Amino acid sequence: MATVTFDKATRVYPGTERPAVDQLDLHIEDGEFLVLVGPSGCGKSTSLRMLAGLEDVNGGAILIGDRDVTDVQPKDRDIAMVFQNYALYPHMSVADNMGFALKIAGTPKAEIRQRVEEAAKILDLTEYLDRKPKALSGGQRQRVAMGRAIVRQPQVFLMDEPLSNLDAKLRVQTRTQIASLQRRLGVTTVYVTHDQTEALTMGDRIAVLSAGVLQQVGTPREMYDKPANVFVAGFIGSPAMNIGTFDVTDGKAQVGGASITLDRAVADGITPADGGRVTLGFRPESLDVVSSGSEGAFEVDVTLVEELGSDAFVYGTLKNGGDLHAGDSNQVIVRIDPRNVPDKGDTISVTIKPEQTHAFSAATGERLG
Amino acid sequence: MTTPVERDQSTERPTVGAPFEAARRTPPAGPADRTAAATSHVLLTFGAVLVVVPFLWVFVSSFKTTKEILASPFSLPADPSLANYATAWTDAGIGRYFLNTIVVVGCALFFVMMLGALTAYVLARFRFPGNKVIYNLMLAGLTFPVFLAIVPLFFVLRNAGLLNTLPGLIVTYVAFAFPFTVFFLYSFFRGLPHEVAEAAQVDGAGEWRTFFQIMLPMARPGMASVAIFNFLGLWNQFLLPVALNTDTDNYVLTQGMAQFASQAGYAVDFGALYAGVVMTVLPVLVVYVFFQRRLQGSVAQGTFR
């Protein structure tokens with residue numbers, strides 16, 4: 001068991017100007033489950049591969065425990081990795097796949113057998129130990145890859161999108177299995193995913209990366225309730241947060257015909273660089289449907305209603321114009337009562353629940369207040 | 001958990017019959033499909049006959065005396081005997097040539113596969129200055145006509161004291177099979193998923209172990225096909241031994257057969273000649289049949305989803 005520290009770790013791929021990972025500063029506690037999350041190309045896999053030793057570190061350092069491993073070969077780092085496509089050895093049986101690392105380390109045969117069998121029992125693989133990987137299903141292969149990591153009893157587990165090749169149902173199931181297994185074993189784990197749901201459900205803490213730069217680290221709750229900037233606000237949460245940039249007059253933001261009073265701290269935080277504008281975000285569940293003409297309400301034209309049984313979401317556009325959208329879509333999303341659903345083409349009035357507005361600088365995107 | 005599944009099967013089996021299943025899976029062949037199938041079968045049969053019949057004729061004739069062959073070429077042997085094989089093996093020296101060929105081709109094959117795999121692996125998987133240059137030199141080697149090299153090779157081998165020796169021939173064979181081997185295995189190693197090599201690294205394997213215990217076994221189908229090509233090419237090699245290996249004791253099979261067929265002028269012992277042909281061709285057939293199984297089935301199935 002050990003802590004993991006990225007100390008201004010930087011990776012620049014040969015022939016590129018911009019670093020793939022730019023001065024990453026991150027400390028992971030002993031036994032912690034940390035999820036690196038971000039859109040594709042954000043540097044999360046590169047960070048993991050730097051920790052594994054599969055990628056050179058061009059600046060800064062990486063520590064496992066107190067040991068500087070920046071220039072240490074992967075084989076000497078005492079880590080185990082689960083790859084996205086599992087990377088099982090196709091010509092070896094499941095047992096040999098799982099015991100390969102121990103065999104190299106010179107562990108006695110009886111002990112290898114015993115440890116492999118223990119891991120197989122945990123992962124429900126006992127009856128497949130003599131099979132080759134090609135004779136296994138996707139989920140079973142995934143478990144073999146996990147087994148290969150846990151028989152080693154390493155200091156750190158590294159997982160690079162281990163669930164992305166599974167179907168949706170199996171993914172949800174395996175997600176909880178991995179999380180509970182990690183808690184049981186208590187091994188420090190760094191887990192890479194592009195799926196923010198996976199990140200929120202599995203991690204003790206989440207680190208969001210974008211364009212090689214660490215945006216925010218925190219518990220799932222912190223990330224959701226207090227995103228540090230516009231990127232994190234838009235990335236974490238499903239459906240995504242509604243975000244728009246609005247004019248501010250007399251400390252009030254003009255949102256689709258409604259005036260929304262800004263907090264004192266927010267209003268004071270607006271600088272001349274923002275040009276008298278502020279970026280506001282509010283989650284779909286932070287909106288209440290009200291009767292038209294209510295105080296602070298703005299109107300939304302309904303273009304689509306998505307019913308999920310327990311919830312229903314309205315997708316629409318601001319009636320009085322204005323740039324307000326959730327994620328990559330150009331629509332506003334409102335969570336509504338599934339028993340009282342408007343029709344397509346209707347117009348609904350909504351207000352923002354008190355204290356549930358996130359305000360960001362229009363110029364820098366950083367959180368205000 | 002298990003009961004509903006069992007019930008499902010028992011209710012399904014009588015109602016959904018096998019013919020119905022089959023009909024649903026393969027749509028009935030249209031007339032165009034049938035014409036195409038018939039045409040290809042006719043052509044393939046013709047091709048097979050063209051190859052198999054002469055060989056069968058040689059095989060049958062190898063059990064007949066020369067007189068019998070000339071008198072009734074298409075009859076079955078009246079008194080089948082292995083006398084021709086004995087004559088060819090001992091009197092015509094096919095036995096000795098056979099052994100020479102096995103030694104030369106076997107050694108050359110071992111070295112060229114070993115060196116070729118190592119070279120291709122390094123060129124395909126490691127970046128270093130000069131990597132491309134070396135690879136392109138290999139490609140250039142592929143286009144180099146053997147005839148141009150014969151005379152220089154003769155002098156090189158003579159100066160090295162390897163002319164007319166089996167090691168000299170082995171070295172030459174290795175050199176000539178090398179570019180093709182590297183060229184073929186290069187693309188093969190490139191195609192192997194590099195995560196597997198990385199997994200081995202993380203598991204604690206060094207470069208050598210990764211190569212011999214992980215990558216080489218994964219490259220087995222590629223190695224097998226290159227080995228077949230090389231075996232066929234080297235086994236049937238004629239020009240190089242004729243030029244560089246003129247000592248009768250060191251003759252390889254092709255030289256031996258050529259000598260056997262030409263030395264007797266019109267008084268050729270056809271029975272023994274055919275026996276020699278059969279003995280020459282048989283190993284090639286055996287190797288091909290043996291390796292063909294290995295060619296089938298793709299690589300790295302376990303690594304993909």
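Modeller: Two residues are in contact if their C-beta atoms, placed from the backbone, lie within 7 Å. On that basis, 21 residues of chain B are in contact with 25 residues of chain A. Two or more residues on this side of chain B come from each of helix H10 (194-202) and helix H11 (207-218) of chain B; helices (H or I, at least four residues) and strands (E, at least two) are DSSP runs, numbered from the N terminus. H10(B) gives the most, with six residues. By class, the side of chain B that touches chain A has ten nonpolar residues (Ala, Val, Leu, Ile, Met, Phe, Trp, Tyr, Cys and Pro), five charged (Asp, Glu, Lys and Arg) and six polar (the others, Gly among them).

This is a predicted model, in which local features need pLDDT of at least 70 and side-chain atom pairs count only at pLDDT 80 or more, while totals for chains, interfaces and linings use all residues. Residues are numbered from 1 along each chain as its sequence is written, with chains lettered from A and ligands numbered from 1 in the order in which they are written.

In chain A, 68% of the contacts with a separation of 6 or more are between residues 24 or more positions apart.
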